[in-house]
Amino acid sequence: MSIAPETRRLIEACQAGLPFVPRPYAALAEDLGLSEAEVIERLGALKAKGVIRRIGIAPNHYKLGMVANGMSVWDVDDAVAEELGQRIGALDDVTHCYLRPRALPIWPYNLFAMLHGETRDEVERKRVRLREMLGDACRGSDILYSTAILKKTGLRLKKGAA
Amino acid sequence: MTLDETDRRIINALQGGFPLEARPYAAAAATLGLDEAELIARLQAMREAGVITRFGPFFDVAAMGGAFCLCAIAVPEDRFDEICAAVNAFPEVAHNYRRTHELNMWFVLATETEAGIGTAADAIEAATGLTVYRFPKLKEFFVGFRVAA
């Protein structure tokens with residue numbers, strides 16, 4: 001793949017996150033041998049291209065009291081899965097929604113919808129609403145609660161790889 | 001740490017849209033009715049307490065030609081710690097969650113190329129002796145970010 005070398009260096013410089021100083025882009029610029037304005041301009045260009053999805057906080061659900069985090073999964077008729085995914089994904093309760101391949105026999109589910117709540121009861125209530133919405137197209141479902149974060153880092157580029 | 005109302009407002013307001021300008025904390029603070037030093041201090045405290053896992057730009061590897069893939073392994077309970085260490089040792093593993101299912105370890109591979117996913121998953125299979133089930137997204141029903149604090 002072709003990540004331009006200057007883009008790669010910028011991504012690497014941002015990997016630990018923005019520094020907590022009044023002029024964070026100037027701090028990055030110093031590390032990169034660029035000007036503050038150049039860093040801001042390059043980050044803006046990457047954001048415009050969609051390479052940067054957003055700039056801000058990644059919160060830890062658990063520490064916010066959202067201790068019940070369920071990955072609800074559904075075996076939905078392929079003929080209507082996309083249409084139903086659109087509707088499920090638009091619900092306020094669903095933070096992420098994806099269509100994925102099944103892995104039979106261990107994994108019959110093709111629609112994934114993340115649900116969060118302060119308790120599992122709250123998540124289960126949200127799940128019931130999804131079940132109702134999916135109706136007859138749904139042939140089975142499960143919900144997988146996360147019980148531990150084993151690792152959480154951002155993108156890590158291999159040093160020096162091109 | 002106990003979050004107060006101001007911390008929660010910061011979390012709700014700054015999951016995206018952090019300004020690209022010389023004094024971004026000052027600009028963001030102004031919209032929240034805070035001053036720059038207080039916003040920086042609160043963000044730093046929340047980052048140190050782990051309430052914020054990361055603060056900054058979030059890169060989409062797919063937009064750069066790279067790839068993400070959700071994967072899962074059915075890990076025998078008595079080998080969980082050992083397998084966890086082996087999986088997490090791969091830099092391609094961006095995050096990893098323990099979940100309630102026979103497939104009890106779910107992780108995301110992030111690589112710079114499409115082909116990198118298969119290579120990394122195969123290497124994890126070789127390192128663990130366990131099947132790495134691969135669940136690439138076929139379609140994302142994307143609606144944005146809105147974790148309410």
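Predicted model: local features only at pLDDT ≥ 70, side-chain atom pairs only at ≥ 80, totals over all residues.
**Figure 1. Chain B, its elements and its extent.** The secondary structure of chain B consists of five helices and six strands, which follow one another from the N terminus in the order α-α-α-β-β-α-β-β-α-β-β. Chain B is more spread out than a compact globule, because its radius of gyration of 19 Å is well over the 15 Å that the globule rule gives for 149 residues. Taken along the principal axes, the C-alpha atoms of chain B fill a box of roughly 55 × 35 × 25 Å, and 36% of the 149 residues of this chain count as buried. The domain assignment divides chain B into domain 1, residues 5-48, and domain 2, residues 62-136, and the centres of these two domains, taken over C-alpha atoms, are separated by 34 Å.

**Figure 2. Chain A, its elements and its extent.** Five helices and five strands are found in chain A, and from the N terminus on they are arranged as α-α-α-β-β-α-β-β-α-β. With a radius of gyration of 20 Å, well over the 15 Å that the globule rule gives for 162 residues, chain A is more spread out than a compact globule. The C-alpha trace of chain A spans about 60 × 35 × 25 Å along its principal axes, and buried residues make up 36% of the 162 residues. In chain A, residues 24 or more positions apart account for 56% of the contacts with a separation of 6 or more. The domain assignment here gives domain 1 as residues 5-48 and domain 2 as residues 68-145, with 38 Å between the C-alpha centres of the two domains.

Figure 3. Nine strands, paired in the antiparallel sense, form an open sheet whose order is β5(B)-β2(B)-β4(B)-β3(B)-β5(A)-β2(A)-β4(A)-β3(A)-β6(B). The edges of the sheet are strands β5 (133-135) and β6 (139-140) of chain B, each of which pairs on one side only. Helix α4 of chain B, residues 80-88, lies across β5 of chain A together with β2 (67-73), β3 (93-99) and β4 (105-111) of chain B, and this helix runs at about 160 degrees to β3(B).

**Figure 4. Strand β2 of chain A and the two strands that flank it.** On one side, strand β2 of chain A (residues 68-76) is joined by seven bridges to strand β5 of chain A (residues 138-152), the two running antiparallel; within this pairing, A:Val73 has A:Asp142 of β5(A) as its bridge partner. Strand β2(A) also pairs with β4(A), again in the antiparallel sense and over seven bridges, and in β4(A) the residue that stands opposite A:Val73 is A:Phe112.

**Figure 5. Strand β4 of chain A and its surroundings.** Strand β4 of chain A, residues 111-117, is largely enclosed by the rest of the structure, because six of its seven residues are buried. Strand β3 of chain A (residues 94-99) pairs with β4(A) in the antiparallel sense over four bridges, and here A:Cys97 stands opposite A:Ala113 of β4(A).

**Figure 6. The contact between the two chains.** Across the interface, 63 residues of chain B are in contact with 64 residues of chain A. On the side of chain B that touches chain A, at least two residues are supplied by each of α2 (24-32), α3 (36-48), β1 (52-59), α4, β3, β5 and β6, and the largest share, eight residues, comes from β1(B). By class, this side of chain B has 36 nonpolar, 15 polar and 12 charged residues.

**Figure 7. The pairing of the two β1 strands.** Strand β1 of chain A, residues 52-59, and strand β1(B) run antiparallel and are joined by seven bridges. In this pairing A:Gly56 stands opposite B:Gly56 of β1(B).

How values were computed. Residues numbered from 1 in each chain as written. Chains lettered and ligands numbered in written order. Domains from an automatic or database assignment. Pairing = 2+ DSSP bridges. Contact = placed C-beta atoms within 7 Å. Axes fitted to C-alpha atoms, helices over the stretch in contact; angles between N-to-C directions. Buried ≥ 20, exposed ≤ 12 C-beta atoms within 10 Å, placed from the backbone. Nonpolar A, V, L, I, M, F, W, Y, C, P; charged D, E, K, R; others polar. Rg over C-alpha atoms; globule rule 2.2 N^0.38 Å.
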